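Please examine the structure shown below before reading the report.

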Amino acid sequence: MDVEKSGPDPRDGTVAGSGEATVLAEPVWQLMLVCVGCGGVGGWLLTLLADLWLSLPWVPMKGPARLLTSVPEPWLTVGAVVVGLALGVLVGFIAMYESLTARISDSGVVFTIRDSDQEFTHDEIALACRDGKELVLVAPDGGELARERCGLPWRRLAETFTAHGYEWGAPRGS
């Protein structure tokens, strides 16, 4: 998770000073590392599964597995790993696009997800809380202002919200 002062790039990792906004976002390198690593390993495993698929007499649709195993080594493994890496990069970019960035300041909160911003002033927010894997902002009248799927560390979110003067906890009435 990156923490930074407000500025043009919310993922550069600088630390906010007092009174400035704190931006919490999942690190790009972490998302990409997981996705690319899983893609490369997945591509390699695909070559092993193709051999297994052909060895089982009861498995249908052996044509794609035969086509895959007809490629000579080492090109089969190299090609499968490269395709897996490319798919991992694609999934990584989708994960970055879908991930939540929260900009929390004394004056308000801005959620950025899928290239759109949701802005809330401090007066609009009575409570910030966790509901399962979702971050919820609750209005003073008890209504829900926002509910976003969140992969950020909950302890860090709680500390940041309270440091900026917001109440953090369980929704009232639960």
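The report below treats helix packing and then salt bridges.

## Basis of the report

The structure discussed here is a predicted model.

## Helix α4 and its surroundings

Helix α4 spans residues 154–163, and its buried residues are W154, L157, A158, T160 and F161. Seen down the axis of α4, these buried residues fall within an arc of 165°, so they line one face of the helix. On the other side of α4, R155 and A163 are exposed.

Several strands contribute to the cover over the buried residues of α4. Among them are β2 (22–25) and β3 (101–104). The cover also includes β4 (108–113), β6 (127–131) and β7 (134–138). After the helix comes G165, whose phi is positive, near 90°.

Side chains of opposite charge can pair when their charged atoms come close. In this model, the count of salt bridges comes to 4.

One of these pairs is E98 with R114, where the closest N and O atoms are 3.0 Å apart. The pair links distant parts of the chain, 16 residues apart: E98 belongs to helix α3 (residues 75–98), whereas R114 lies in the loop between β4 and β5 (116–121). E98 is partly exposed, with a relative accessible area of 36%. R114 is also partly exposed, and its relative accessible area is 38%.

The side chain of R147 takes part in a salt bridge with that of E134, at 2.7 Å from N to O. This pair likewise links distant parts of the chain, with E134 in strand β7 and R147 in strand β8 (residues 144–149), 13 residues apart. R147 also meets E144 in a salt bridge, with an N to O distance of 2.8 Å.

How exposed are the residues of these two pairs? R147 is partly exposed at 31%, and E144 is partly exposed at 48%.

Which residues are linked in a network of salt bridges? The network consists of D131, E134, E144 and R147. Strand β7, to which E134 belongs, is also among the elements that cover the buried residues of α4.

Terms used:
Residues numbered from 1 in each chain as written. Predicted model: local features only at pLDDT ≥ 70, side-chain atom pairs only at ≥ 80, totals over all residues. Heavy atoms only, no water. Buried < 20%, exposed > 50% of the residue type's maximum accessible area, 1.4 Å probe, protein only. Helix = DSSP H or I, 4+ residues; strand = E, 2+ residues; numbered from the N terminus. Arc of directions from axis to C-beta. Contact = heavy atoms within 4.5 Å.
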